[in-house]
Amino acid sequence: MGVGCRLRMPNLPRRSETLFEKDQTGDRDSFDDAALVEGLRTGSARHADHLVRTHIGPMRAVARRILGGDAFADDCVQEAFLKAFRKIDGFEGRSSLKTWLHRITVNEALMKLRALKRLDERPIDLLMPEFDENACRIEAAWPTLATTEDILERESTRALVTSKIRELPDSYRIVLLLRDIEELDTAEVAKLLDITQGNVKVRLHRARSALKKLLEPVLRGEVE
Amino acid sequence: MSRAMPSRPLRRIKGMILKRMPLMVTCEEFESFILAYLEDELPRRQRVVFEFHLKICRECRDYLAAYRRTVELGRAAFADPSAAVPDTVPEDLIAAVLDARDA
């Protein structure tokens with residue numbers, strides 16, 4: 001790619017030697033975002049290696065949260081990196097490289113979900129809060145509510161929580177993941193899923209309500 | 001440990017009070033405000049109404065506490081520090097990514 005085609009990076013280092021600094025803990029190169037981007041634009045294998053090793057862990061974790069199985073997640077991570085390498089000229093530095101790669105991975109994972117036709121619209125009405133004919137909530141008393149620390153302390157209940165999240169129909173689970181766990185805002189989620197912001201809010205609330213219902217035995221401290 | 005719910009006649013009386021009391025909403029209406037309340041998007045007057053309901057309704061108070069704990073739990077359950085450690089990623093996956101780039 002010609003140098004003249006590249007977008008200007010306002011914070012790029014002026015001296016080439018700053019591109020190659022050894023980190024203090026080992027032999028691995030240590031680059032800041034601007035140096036890494038500049039190296040990638042020149043096609044440097046060393047910079048590509050550094051990018052992959054630095055970011056593949058978190059990117060794989062995101063893909064696994066959205067897609068579940070390792071095989072789909074690993075495909076997704078490969079696609080995301082290829083897209084990142086191809087689009088590096090368009091990276092303008094408005095967000096960190098980490099955030100940019102996170103968005104690309106989320107997008108790839110959603111595309112994969114669509115391809116797998118897993119963004120199903122199963123209803124979750126049975127998991128919704130109940131009201132009587134007087135519009136009063138029907139909710140058994142909660143004499144105890146387990147703390148998050150107590151629940152996550154044990155591997156078995158931690159695994160139960162993540163498995164209950166996976167039980168939600170994808171169209172709700174994805175909104176919950178993107179908003180509550182990946183911490184995207186409502187507008188971003190709406191854009192990614194091609195739905196209205198109002199729809200994102202409705203799905204988020206329903207997903208949280210359904211998850212509360214699924215987690216009730218854990219939250220009440222009834223699961224050992 | 002008691003998980004008793006108010007009897008049906010008591011709930012009917014409660015429902016009538018909630019529907020007629022000024023500055024009050026029913027539990028069902030309260031439900032539709034929860035997300036906006038937690039995201040601090042309720043106008044002041046609606047917030048006052050929401051919190052007034054919360055003060056007098058045990059069921060909605062318990063529900064909201066469990067709902068909040070659910071959100072907190074979901075976030076914390078996925079905040080697995082080991083997931084972010086690059087060394088846990090198989091070398092063959094790293095090699096496959098780099099090979100695909102060179103292809």
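Over all chains, the count of disulfides comes to zero. Cys57(B) takes part in none, although the sulfur of Cys60(B), its nearest cysteine sulfur, is 3.7 Å away. Because a disulfide requires sulfur atoms within 2.5 Å, the 3.7 Å between the sulfurs of Cys60(B) and Cys57(B) is too far for a bond. As the model is a predicted one, confidence deserves a look alongside the geometry.

Chain B averages a pLDDT of 85, and 87% of its residues score at least 70. Among the elements of this chain, helix H2 (residues 27–38) has the highest mean pLDDT, 96, whereas H1(B) has the lowest, 82. Residues 82–86 of chain B stay under 50, and the model gives this stretch nine contacts beyond four places in sequence.

The secondary structure of chain B consists of five helices and zero strands, in the order α-α-α-α-α from the N terminus on. Of its 103 residues, 39% count as buried. Among contacts between residues at least 6 apart in sequence, 56% join residues at least 24 apart. The chain exposes about 6000 Å², with carbon and sulfur atoms supplying 57% of that area.

Turning to charged side chains, the count comes to 27 salt bridges over all chains. One of these joins Arg58(B) and Asp62(B), whose closest N and O atoms are 3.0 Å apart. The two residues are four apart in helix H4 (residues 58–78) of chain B, so about one helical turn separates them. Arg58(B) is partly exposed, with a relative accessible area of 23%, while Asp62(B) is buried at 17%.

In chain A, salt bridges with shared partners join Glu139(A), Lys212(A), Glu216(A) and Arg220(A) into one network. Within it, Glu216(A) pairs with Lys212(A) at 2.9 Å between the closest N and O atoms. These residues also lie four apart, in helix H9 (residues 197–219) of chain A, and are therefore separated by about one helical turn. Both Glu216(A) and Lys212(A) are buried. A further salt bridge links the side chains of Arg94(A) and Glu92(A) at 2.6 Å, N to O. Here Arg94(A) counts as exposed at 76% relative accessibility, and Glu92(A) as partly exposed at 36%.

Technical notes:
Residues numbered from 1 in each chain as written. Chains lettered and ligands numbered in written order. Predicted model: local features only at pLDDT ≥ 70, side-chain atom pairs only at ≥ 80, totals over all residues. Heavy atoms only, no water. Buried < 20%, exposed > 50% of the residue type's maximum accessible area, 1.4 Å probe, protein only. Contact = heavy atoms within 4.5 Å. Areas by Shrake-Rupley, 256 points an atom, 1.4 Å probe, with all protein chains shown as cover. pLDDT = per-residue confidence, 0-100. Salt bridge = Lys/Arg side-chain N within 4 Å of Asp/Glu carboxyl O.
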